[in-house]
Amino acid sequence: PHAGGCVEAAFVDRGPGVSPAMRERLFQPFQTTKAEGMGMGLSISNSIINAHDGTLRYADAPDGGACFTLSLPACTEN
């Protein structure tokens, strides 16, 4: 936790979710479930978020699908 608090945003879809095997390497480069794609999006996003002292987490969505939660330190300066 940050002294100034955090700002969070959750992104939910109703797709098939992420398989247990893929969850272990979800944020690693070149991981994809698509026939065409590089598998860099989550890895790059996670790197940028971490560089700003934030986190990106995955969880199964309550009604099925995926839920990604982005958490960043709140700005306390005016």
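**Elements and overall form**

I counted two helices and three strands in the chain, taking helices (H or I, at least four residues) and strands (E, at least two) as DSSP runs numbered from the N terminus. From the N terminus on, their order is β-α-α-β-β. The model is predicted: local features need pLDDT of at least 70 and side-chain atom pairs pLDDT 80 or more, while totals for chains, interfaces and linings use all residues. Residues are numbered from 1 along each chain as its sequence is written, and side-chain values use heavy atoms, without hydrogens and water.

I noted a box of roughly 45 × 30 × 20 Å along the principal axes for the C-alpha atoms. Of the 78 residues, 22% count as buried (under 20% relative accessible area; exposed is over 50%, partly exposed in between; 1.4 Å probe, protein chains only). Among contacts (heavy atoms within 4.5 Å) with a separation of 6 or more, 52% join residues 24 or more positions apart.

**Ser71**

I located Ser71 in strand β3, residues 66–73. Ser71 has a relative accessible area of 7% and is therefore buried. Leaving out residues up to four places away in sequence, I found that Ser71 touches Cys6, Val7, Glu8, Ile49, Gly54, Thr55 and Arg57.

**Cysteines**

I searched the whole structure for disulfides (cysteine sulfur atoms within 2.5 Å) and found zero. Cys67 is in none; its nearest cysteine sulfur, that of Cys6, is 16 Å away. I recorded Cys67 as buried, at a relative accessible area of 13%, and Cys6 as partly exposed, at 40%.
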